[in-house]
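Hi there,

Here is the structure I promised to pass on to you. Please have it open while you read, and my notes follow below.

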Amino acid sequence: MGKTDVLISEVGPRDGLQNTKAFMPTEYKKRWISAAAAAGLTEIEVCSFVPPKLIPQMVDAAEVVAHAKTIPGLTVAALAPNYKGAQRAMEAGVHKLTLTISVSKSHSLANVRMTPDEAIASAKKICDFRDSLPPEQRPKIESGLSTVFGCTIEGVVSEDEVVRLAIASAEAGCDEVGLADTTGYANPEQIRRVFKKVRAAIGEKLGGAHLHNTRGLGLANVVAALEVGVRTFDSSLAGLGGCPFAPGASGNIVTEDLVFMLEAMGLRTGIDLERLLAIRELLAEGIPGELLYGYVPLAGVPKGFVPASGR
Ligand SMILES: [Zn+2]
């Protein structure tokens with residue numbers, strides 16, 4: 001794979017499946033991850049280490065990680081909501097671990113049964129544990145700040161609180177801080193403003209954008225984030241996803257549409273759009289009846305389209 005301008009982190013196997021009704025058989029998850037990597041995705045969030053009692057879809061997390069780790073060059077990422085989950089993820093040998101820290105106190109309590117400050121304290125404990133491991137076993141740790149742009153329970157979320165928790169995450173030992181529009185509340189102006197504020201506070205530790213398309217502003221928000229220098233985006237094949245604890249928050253931005261937009265704008269993703277589109281068949285088979293989103297998959301690429309990666 002040549003040089004890329006934008007890193008797309010596929011989160012469908014985690015964020016997507018966490019919100020689907022049907023259980024995707026483990027074999028399909030493995031095939032999906034392999035096919036996504038073969039299409040050129042270099043980072044995939046393959047699962048979350050949550051209690052299977054809460055989210056049965058993730059019962060095979062360790063097995064899925066073990067499979068993903070056999071794929072050369074792939075950064076295997078996972079999410080963990082707490083210390084126990086983080087330990088399981090590190091035991092499984094993930095390369096990157098995202099910790100969810102919700103800025104909204106009500107969402108945080110509903111999602112991980114901790115206040116945001118308790119979640120920061122937990123992140124510190126997790127980072128300390130990570131630092132006690134041999135260097136080759138230490139994953140990169142991302143603080144995934146969620147409900148940054150609004151909360152389905154509390155409504156408006158304080159930007160000062162976002163900045164405060166971003167600084168606290170960095171001080172706790174997290175390598176980077178990503179900002180998530182968990183609920184699909186963000187608008188482009190807000191995206192520019194908040195990313196700039198957080199960069200002013202933590203500089204290069206500012207990570208990527210995790211956006212949902214709940215109100216149709218997903219790609220507009222990507223462009224806004226690009227304008228303020230963000231170069232890492234989470235997205236989900238077929239736009240699967242949501243948050244089981246944030247009612248009405250459905251749909252990550254669609255990887256296929258995101259790749260098309262970036263490549264059309266001259267930004268190289270390193271991803272082969274045709275191969276990416278072909279993976280939808282596998283999803284349709286693995287989770288029958290689940291709604292698959294996306295405009296490019298329906299309309300096709302425009303006549304004469306030449307992706308930036310192929311120029
Ligand atoms: Zn999400």
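Helices (H or I, at least four residues) and strands (E, at least two) are DSSP runs, numbered from the N terminus.

Before going on, please note that this is a predicted model, in which local features need pLDDT of at least 70 and side-chain atom pairs count only at pLDDT 80 or more, while totals for chains, interfaces and linings use all residues. Residues are numbered from 1 along each chain as its sequence is written, and side-chain values use heavy atoms, leaving out hydrogens and water.

Which residues of α2 and α11 make the contact? From α2 they include Tyr28, Arg31 and Trp32, and from α11 they include Arg275, Ile279 and Leu282 (contact means heavy atoms within 4.5 Å). By class, this contact has eight nonpolar residues, one polar and three charged. Ala, Val, Leu, Ile, Met, Phe, Trp, Tyr, Cys and Pro count as nonpolar, Asp, Glu, Lys and Arg as charged, and the others, Gly among them, as polar.

On a 1 Å grid over the protein atoms alone, a cavity is a set of points where a 1.4 Å probe fits but cannot get out, and a pocket is an open set with protein on both sides within 12 Å along at least five of seven lines; lining residues have an atom within 4 Å of a point. Grid points are joined across faces, edges and corners, and a volume is the space filled by probe spheres set on the points.

The whole structure has one cavity of 30 Å³ or more. The largest cavity holds about 50 Å³, and α6 gives the most to its lining, with four residues. That lining has eight nonpolar residues, three polar and no charged.

The largest pocket holds about 620 Å³. It is lined by 42 residues, and the closest to its centre are Arg14, Gln18, Leu79, Thr100 and Asn111. Its lining divides into 16 nonpolar, 17 polar and nine charged residues. The second largest pocket has about 280 Å³, and Tyr293 is one of the residues nearest its centre.

Enjoy exploring!
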